[in-house]
Amino acid sequence: MSNPFLKQVFNKDKTFRPKRKFEPGTQRFELHKRAQASLNAGLDLKLAVQLPPGEELHDWVAVHVVDFFNRVNLIYGTISDGCTERSCPIMSGGPKYEYRWQDEHRFRKPTALSAPQYMDLLMDWIEVQINNEDVFPTNVGTPFPKNFLQVVKKILSRLFRVFVHVYIHHFDRIAQLGSEAHVNTCYKHFYYFVREFGLIDTKELEPLIN
């Protein structure tokens with residue numbers, strides 16, 4: 001394994017690793033395989049994200065949310081040693097954008113946090129959502145909740161902020177690892193997907209619009 005990016009990704013000491021997989025034999029596992037096959041075949045990303053004929057939108061979205069969580073988790077894990085309380089005392093995307101954390105428990109009001117604190121809370125929060133059977137049911141035939149897409153929008157908006165922080169504050173590390181192409185592809189896949197299904201407010205995308 002000569003690629004330094006892959007070495008970082010598969011470093012067992014890293015905190016950030018994929019947290020959720022699909023069970024073989026399930027409909028979503030098959031959808032996941034189909035999505036991966038499209039990417040591996042080099043299909044245009046704009047086409048690869050489109051809902052396959054005959055498939056349910058919520059299933060397709062659920063598969064991608066879990067996949068994006070895993071990928072973004074790994075990307076942040078590769079630069080997390082350089083994202084510290086000292087280097088990143090505020091979770092931001094350059095001087096114009098500051099991201100404050102809010103949840104239903106400890107931080108009921110938007111709270112300024114360091115980037116590593118924000119990332120820890122974010123990854124834990126998303127992990128809880130995607131492992132909650134009431135939100136992301138794993139049994140085929142179990143309906144998704146009525147607010148599923150609303151929850152998804154919040155997850156994806158917050159995951160996008162990880163891309164913003166990594167690109168603006170840690171791209172030198174990404175370049176040092178020689179993983180620009182990998183990260184760029186992950187970002188484009190994410191971007192085309194959220195735009196295809198209207199899962200993120202245009203305003204959220206502004207920090208990375210040239």
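Analyst: Let's go through it step by step, starting with the overall build. Keep in mind that this is a predicted model.

User: Okay, how many helices and strands are there in the protein chain?

Analyst: The chain has eight helices and zero strands. Reading from the N terminus, the order is α-α-α-α-α-α-α-α.

User: And what share of the residues is buried?

Analyst: Of the 210 residues in the chain, 47% are buried. The accessible surface comes to about 11300 Å², and carbon and sulfur atoms account for 50% of that.

User: Switching topic: which residues does UniProt list for "binding site"?

Analyst: The UniProt entry, which is unreviewed, lists Cys83, Cys88, His165 and His170 under "binding site". These residues span 88 positions in sequence, but no two of their C-alpha atoms are more than 10.1 Å apart, so they gather at one spot.

User: Tell me about Cys88. Where does it lie, and is it buried or exposed?

Analyst: Cys88 sits in the loop between α4 and α5. Its relative accessible area is 5%, so Cys88 counts as buried. If you skip the neighbours within four places in sequence, Cys88 is in contact with Cys83, Ser114, Ala115, Pro116, His165 and His170.

User: And His170, where is that one?

Analyst: His170 is in helix α6, which covers residues 148-176. His170 is buried too, with a relative accessible area of 6%. Leaving out the neighbours within four places, the contacts of His170 are Ile79, Gly82, Cys83, Cys88 and His165.

User: You mentioned Ser114 as a contact of Cys88. Where is Ser114 found?

Analyst: Ser114 is found in the loop between α4 (57-79) and α5 (115-130). With a relative accessible area of 3%, Ser114 is buried.

User: Which side chain has a polar contact with the side chain of Ser114?

Analyst: That would be Glu85, and the polar contact between the two side chains is 3.0 Å. Beyond residues up to four places away in sequence, Ser114 touches Glu85, Cys88, Pro89, Ile90 and Met91.

User: New topic, rings! How many aromatic pairs does the structure hold?

Analyst: It holds 15 aromatic pairs. One of them is Phe160 with Phe190: the ring centres are 6.3 Å apart and the planes are at 20°, so the pair is stacked. Phe160 lies in helix α6 and Phe190 in helix α7 (residues 180-196), so this pair ties together parts that are 30 residues apart in sequence. Both Phe160 and Phe190 are buried.

User: Why does Tyr167 count as buried?

Analyst: Because its relative accessibility is 18%, and buried means under 20%. Phe171, at 26%, counts as partly exposed.

User: Which aromatic cluster are these rings in?

Analyst: One cluster includes Phe160, Phe190, Tyr167 and Phe171, and among its other members are Phe68, Phe163 and Tyr187.

User: Last one: which rings does Arg158 lie over?

Analyst: Arg158 lies over the face of Trp101, at 4.0 Å from the ring centre. Arg158 also lies over the face of Trp125, at 4.6 Å from that ring centre.

How values were computed
Residues numbered from 1 in each chain as written. Predicted model: local features only at pLDDT ≥ 70, side-chain atom pairs only at ≥ 80, totals over all residues. Heavy atoms only, no water. Helix = DSSP H or I, 4+ residues; strand = E, 2+ residues; numbered from the N terminus. Buried < 20%, exposed > 50% of the residue type's maximum accessible area, 1.4 Å probe, protein only. Polar contact = N/O pair within 3.5 Å; in protein donor to acceptor, adjacent residues only side chain to side chain. Contact = heavy atoms within 4.5 Å. UniProt positions renumbered as here; feature names shortened; annotations may be inferred. Phe/Tyr/Trp six-rings, centres within 6.5 Å; stacked < 30°, edge-to-face > 60°. Lys NZ or Arg CZ within 6 Å of the ring centre and 35° of its normal. Areas by Shrake-Rupley, 256 points an atom, 1.4 Å probe, with all protein chains shown as cover.
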